[in-house]
Amino acid sequence: FVEALLGWLGAEIGEPEIAVRTKARAKLGALFGTELNHVLPALGRLLHLRIDAARDTERTDAGPDAYLRWLEVLAQERPVIVALEDVHSADTSTSELAEAVFELAERAPVAIVLTEEAAPGTVGAALRLHALGEHGHRTSQIGLGPLTDIAAEELLAGMLGGDVDPVTRKGLVHEAEGNP
């Protein structure tokens, strides 16, 4: 979720805090207008930014609410797709926020895409089962297996053309282990 917010801000993990803070104030200010002071401290905490020390102590649980509000306002402009990769490695707070996004998708044009390795007993597996059980009318499950070596070579050729020598191409296909 943090990477999605950073990407929307045009920032990256590891970027200097002042740059991220400046981008956050500018983009979120344009989106929220007078509501900025209600969401910026909480979203800033999610991004580990020092926004306003006085407000920082007000509500430590406001991050998820502010994040949902951000998605909701974005969805008023155009449909939003939230993609979460490798949810088999997700922690509980990520899962809880994802469940809240499922609820938001019931009333706003928001879609959530999850990828996971089939790993029963993980937080990600529980999240998938929650989506299928509670939001089955809006949920599709697509099982994907690894690419064959031939399909991986075709994909690589389509992406890079003939710019990769055959030995390097075979090495890349082997290292990818079927992952596109």
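**Figure 1. Arg-69 is partly exposed, with a relative accessible area of 24%.** Partly exposed lies between buried (under 20% relative accessible area) and exposed (over 50%), found with a 1.4 Å probe and protein chains only. Glu-72 is also partly exposed, at 22% relative accessibility. The two side chains form a salt bridge, with their closest N and O atoms 3.3 Å apart. A salt bridge here is a side-chain nitrogen of Lys or Arg within 4 Å of a carboxyl oxygen of Asp or Glu. Both residues belong to helix 5 (residues 62-77), three residues apart, which is about one turn of the helix. Helices (H or I, at least four residues) and strands (E, at least two) are DSSP runs, numbered from the N terminus. This is a predicted model, in which local features need pLDDT of at least 70 and side-chain atom pairs count only at pLDDT 80 or more, while totals for chains, interfaces and linings use all residues. Residues are numbered from 1 along each chain as its sequence is written, and side-chain values use heavy atoms, with hydrogens and water left out.

**Figure 2. Glu-72 forms a salt bridge with Arg-107 (3.7 Å, N to O).** Glu-72 is in helix 5, whereas Arg-107 is in the loop between helix 6 (92-105) and strand 2 (110-114), so the pair ties together parts that are 35 residues apart in sequence. Arg-107 is exposed, with a relative accessible area of 58%.

**Figure 3. Glu-153 and Lys-170 meet through their side chains in a salt bridge (3.0 Å, N to O).** Glu-153 sits in helix 8 (residues 149-160) and Lys-170 in helix 9 (residues 166-176), so this pair ties together parts that are 17 residues apart in sequence. Glu-153 is partly exposed at 23% relative accessible area, and Lys-170 is exposed at 52%. Elsewhere, salt bridges that share partners join Glu-35, Arg-69, Glu-72 and Arg-107 into one network. The count of salt bridges by this rule comes to eight.

**Figure 4. Leu-9 is buried, at 4% relative accessibility.** Leu-9 lies in helix 1 (residues 2-9). Leaving aside residues up to four places away in sequence, Leu-9 touches Lys-23, Ala-24, Lys-27, Leu-28 and Leu-47; contact means heavy atoms within 4.5 Å. Leu-9 and Lys-27 are 18 residues apart in sequence, and their C-alpha atoms are 6.4 Å apart in space. Of the 180 residues of the chain, 32% count as buried.
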